[in-house]
Amino acid sequence: MPAATALEATTADGALLVLAIILPVIGILLSFVLGGRYAERIAGILLPAGLGVACIVFLKAWHSEKSLSYIVGNWQPPLGITLCADGLSVAMMVAMAIVICLIGVFAHANFGSRAVSVETRAPMVFWVMLMAISGAMNMIFISGDLFTLYVALELLTFAAVPLVCLDGRAETLQAALRYLLFALLGSILYLIGTALLYGSYGTLDIVLMSQRVHLEPATLAAATLMTVGLFAKTALFPLHLWLPPAHAGAPAAASAVLSAVVVKGSFFLIVRLWFDVMPGLLSVAGAQLVGALGASAIICGNVVALRQRRLKLLIAYSTVAQIGYLFLIFPLAADPLHLQYGDALTGGMLQAISHATAKAAMFMAAGLVYASLGHDEISELGGIARALPMTMFAFGLGGVCLIGLPPTGGFLAKWLLLEATVATAQWWWAIVIIAGGLLTSAYVFIVLSRAMGAPSEPLTLHAAVPKYQEVAALGLALLSVLLGLVALGPIDVLQVGRPEAPMAWLR
Amino acid sequence: MSIASVFDVALVALILAIGASTILVRKAFAAVVMFVVYGLLLSIAWVRLHAVDVALTEAAIGGGMTGLLLLGAVARSRSVNVGGPWIGRPARLATCALCALVVAGLAIAMLHPPEVIPTLAPTVMESLPQSGLGNPVAGVLFVFRALDTLLEKVVLLLALLGVWSLAPDRAWGGMPGLHVYARSDPTLIFLAQLLPPVGIVFGIYMCWVGAKDPGGAFQGGTVLAAMWLLVIVAGLQKAPAIGRLWLRGLLVAGPVLFLAIGLAGWVFADAFLAYPAGYAKPLIVAVEAALTLSIAVALGMLAAGPPERAQQQ
């Protein structure tokens, strides 16, 4: 966010930001009227269109090295609402749009509605909710107003929860209810915090708030409530209890979108809160505490993942661990002198993006394995690598990215975080990062070695897996590998609109 | 102490007592009844604070609609006869501790207010005449923060689709079963014939007056939804099948009109969700009217629950 001007203004291409939000809204409204038979076709047009918009916004911000902004209804804040896309926003927008589009390709096999003559339940719900998630994520990335962000969180919650229990089994209903309770608790805490901040500063606009904010009891209470609420939504340890059953029980395409995309929304909001709304207010102790929660998530999530018997649960616990890395940016990027190290923030965002691509690929691969074997017991995976080579290759590449081997995006992210631990002399986080990588490699290799092994009895495949589903999974996995190459150029976009990093000499 | 402050202190004590008993009572049904009473008392408190719009919303949504949804949930869980999961002492203590922390945080914030409490109210009143509206709350909802209002309506649609998604596959497109609420009896039928004409007029009035005085689409829509539900529960009308085109049309009518006017603002007023000078009030009243209908249908269908019976062709 630009810090200087009190009056914000609509920039030349700001209108694109409105488009990024209302395209999915148009899709939702159209799907309600035209019915579920058309929902997939509508999503098939609007999701790629949304990706196009995101790409144009990305290129504009990258080339001009300026944030894009739009004043809704020509009402200046504090009365009105602004939309603002800085470097973090545009990078996340493009990444999430790509992931959502590929998940859409994958989901055609399970939720295809072109051939049926009447509206059916699961496709209608899935496509509408997928569009809603894409709109809500865009809102979270570009909204410059704390209450609009609350509306976005609500959109995201109500779109994500039904995806968990899409197949209607009793245990998934239970998982969905638990998710709903955690998510609503998070929403209400965020809302209370927003109300407190408005009461203290008389504005909801992020730029205005960042100029007025100072340390006082109400602000501290608000920040704590909002952060804890968002922790619950992001499933940061120890508020992760809802995540494994919810993400493991959902249909594969839904698991992919929940694990890859949805948890990043509330994470992004935490970053906005501490880096843009209240820059410099995070105390050293607070940052270390958040980092400690992240570190516990990495260790516990990975250890529990190692002990899982079912593939989808293993991947879900791995999400709990990978979320932990995201929170290491708080001790590493915010330091006591209120300087902000660009590298740790960049590393954290890259971790969010590479986890999104890798985890979506892995959940898709697990879904294909489940579809063809009829189960996902890890000990019974023998021979599957021979039957579904492309799928298991995608799984392996995703795993390599999670471990953090070069040249993957995961490598670059963890390397930037490690570099920040050295630069800020906080060696203890480096130990956690490296230990996490080792544990991750252990469970990825367990799965791969089982899959490469010989089957105990001749393998019978329940269903043939469509080629394009395998291609979608592999595409995402390849993306996660190639993400490491962004170091050669586009990575600078993350710094657009940020105050000049004082430690730029690190590069 | 004046009579007003005695009344206020008594009201606060009553709200706290009802709030505590909502948590302490053992039976779910009793807790819901307490919750509804709590909502009504809160709305009186809002009136005392001169926030009539908030009071109306609290009474309509907080007490009325939420209470109805909770009653439905109690009845449903009774009809399938599930024993609630036993919550152990550690979980209860942890809940207590967390609630106490939140209360402590709020108390700290409330007891140290800024010396000058910042407010946007004067700025809102200054800018309000441009829109021709008289009610500052409507101004905030439909002029300054129209984007939030528009997207909140989409949230409502998603919530409804989420409820529908709980239906079994074969019942998709069919009718919700409302039998959980009540068996129809003569008194109910009499009420369902007597109240709706009054209620409908009142709901429309609330929507219409919202541009000038307290009221508006959400409150009006809730009253209309309540009347509709009364007629359905009494068995005078069937709940519509969720696949009906007219139903889907009504559900999206409000958001579609709102979005269309917002997009038109791009052409005629130079910004998304801006109104052309001089046309703001009629446009907003039109949006409010359409939203009232959409909200009424959405809330009614939310309370009616997921479809249970397949539609007879």
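Let's start with where the two chains meet, and keep in mind that this is a predicted model. On one side we have 44 residues of chain A, and they're in contact with 47 residues of chain B. Which elements of chain A give two or more residues to that side? You'll find helix 1 (15-34), strand 1 (68-72), helix 4 (121-142), helix 5 (146-164), helix 6 (170-201) and helix 8 (217-234). Helix 5 of chain A gives the largest share, nine residues. By class, the chain A side has 31 nonpolar, nine polar and four charged residues.

Now, the core. The largest nonpolar core has 301 residues, and the ones with the most contacts inside it are V57(A), V99(A), I133(A), L155(A) and V257(A). Take V99(A): if you skip its neighbours within four places in sequence, its contacts are A260(A), V261(A), A356(A), T357(A), A360(A) and L476(A).

Over to T424(A), which sits in the loop between helix 17 (409-423) and helix 18 (427-452) of chain A. Is T424(A) buried or exposed? T424(A) counts as buried, because it has 20 C-beta neighbours inside 10 Å.

Last stop, chain B. An unreviewed UniProt entry puts "domain: Na+/H+ antiporter MnhB subunit-related protein" at residues 190-299 of chain B. In the model, that stretch of chain B is 74% helix and 0% strand, and its end C-alpha atoms are 23 Å apart.

Definitions and conventions
Residues numbered from 1 in each chain as written. Chains lettered and ligands numbered in written order. Predicted model: local features only at pLDDT ≥ 70, side-chain atom pairs only at ≥ 80, totals over all residues. Helix = DSSP H or I, 4+ residues; strand = E, 2+ residues; numbered from the N terminus. Buried ≥ 20, exposed ≤ 12 C-beta atoms within 10 Å, placed from the backbone. Contact = placed C-beta atoms within 7 Å. Nonpolar A, V, L, I, M, F, W, Y, C, P; charged D, E, K, R; others polar. Core = buried A, V, L, I, M, F, W, Y, C linked by C-beta atoms within 7 Å. UniProt positions renumbered as here; feature names shortened; annotations may be inferred.
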